[in-house]
Amino acid sequence: MSFAPEDRLVVARGVRLRFDPVRNCNVLLAPERVLFPCPTSVEILGRLAEPRAFRELVEGLAAEFDAPSEEIARDVEDLLADLLAQRIVRVERRPL
Amino acid sequence: MSAPAREPWREPPIGLLAELTHRCPLACPYCSNPLELTRRERELPTASWERVLEEAAELGVLQLHLSGGEPTLRSDLEAIVARARALELYSNLITAGVGVSERRLEALAEAGLDHVQLSVQDVDAEGCDRIGGFEGSLARKLAFAKAVRRLGLPLTLNAVVHRHNLDRLERFVELALELGADRLEVAHVQYYGWALANRAALMPTRSQLDRSVAVVKAARERLGDRLLIDFVVPDYYATHPKPCASGWGRAVIVVAPDGRVLPCHAAHVIPGLVFPNVEEKPLRWIWQESPAFQRFRGFDWMQEPCRSCARREIDFGGCRCQAMQLLGDPEATDPACTLSPEHARIMALAEAEAAAPPPAFRYRRLEPVPA
């Protein structure tokens, strides 16, 4: 799965990311599901609380982690495809 | 039964199923409530539910399933939802959607409700009325679903399927798409309580089951991430039993309308267990130490073939309530498992019932109908 630079991504409705002090980790709460996201997912989902273009997401991560955008894009693409398939993230194909 | 003293259970529960009331406008013959229903006078008051939610959050519960009966019949549902939100619990309303106004739904959304699960008994108006025992139910449900979407709440359509509606499974998928649902739950009836009493009236044939598997597979391939479809097979026809409630006392706490706490909503069928009440004991003690919750944890209670089975940590011997109901022994291997010596007999029973003409429904009512 690949994303166009202007694809707008956002956390799907009904999905909530929070810290759980009992388990001492982040948890992802969705309809009938509880997931324990990896640190990279947490970083991405935190940035997708509001709709954001794929390009913007990648650039933000590249700046934060001081890595080349192409490398970041490759890394997050698979993760995003997985989050999309699980309806944790949704994509708005047309730019607003 | 002399169970040795055990260490308290340290793993936290994930979900709390709050059966707020047994009252319900519908009378579905597969209702998961016990045959002996709790009356309104014995329901927990608001303050007790609020305290239960606090104790649950402290214990590590993450999701709250507001169920019944029909939970919207509780006039304090908004207060309960608001309390859940304040405690950061994810709240899921499980409703029949027949008597809920848009204004009420709006109030629940404002209180912080996270998700709505709406039951649809059939896609055909006549079938929907006949199964739910409520006239004009489908139109009300569709209006309710539209209101859910107008308010921007995520929606799951819950389709309990059986011999009377399985042939319209494709239409359930279409309906979920038309309504803009995020999820469709296709759940074959699980035969406990009322459903067990109605088993012969509900059990599908093997070919109906096989067809439903194919329909779900095709819909998943066609729709991809447009619609999540969860599928629960009827375990009489399964190869392995389901890890009921993800294992006894491992993931879920059920609080009944009168405050009794159970590891599973059917657990009352197992004799000899005393279910503590939230009005008398802390939820933490009930979860970690009460004999009822400790009873089928671990593997020491198991018989063969479960005890030495490689799958014992996957399905935990299957469902204790089913072993009790079908074999009279809550420690036996769930006969849904092909490794159970009783499996063939139970499956033959189901196949014979499915092949015979369906008897009339015994509807779920608060007043038991004399046999």
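A salt bridge is taken here as a side-chain nitrogen of Lys or Arg within 4 Å of a carboxyl oxygen of Asp or Glu. The model is predicted, so local features need pLDDT of at least 70 and side-chain atom pairs count only at pLDDT 80 or more, while totals for chains, interfaces and linings use all residues. Residues are numbered from 1 along each chain as its sequence is written, chains are lettered from A in the order in which they are written, and side-chain values use heavy atoms, with hydrogens and water left out.

**View 1. Salt bridge between Arg16(A) and Asp114(B).** The N to O distance is 2.7 Å. The pair crosses between chains, from strand S2 (residues 16-20) of chain A to the loop between helix H3 (102-111) and strand S4 (115-119) of chain B; helices (H or I, at least four residues) and strands (E, at least two) are DSSP runs, numbered from the N terminus. Arg16(A) is buried at 15% relative accessibility, and Asp114(B) is buried at 8% (buried: under 20% relative accessible area; exposed: over 50%; partly exposed: in between; 1.4 Å probe, protein chains only).

**View 2. Salt bridge between Asp258(B) and Arg260(B).** The closest N and O atoms lie 3.3 Å apart. Asp258(B) is buried, with a relative accessible area of 10%, whereas Arg260(B) is partly exposed at 31%.

**View 3. Salt bridge between Arg295(B) and Glu331(B).** The N to O distance is 2.9 Å. These residues, 36 apart, link distant parts of the chain. Arg295(B) is buried at 14%, and Glu331(B) is partly exposed at 22%.
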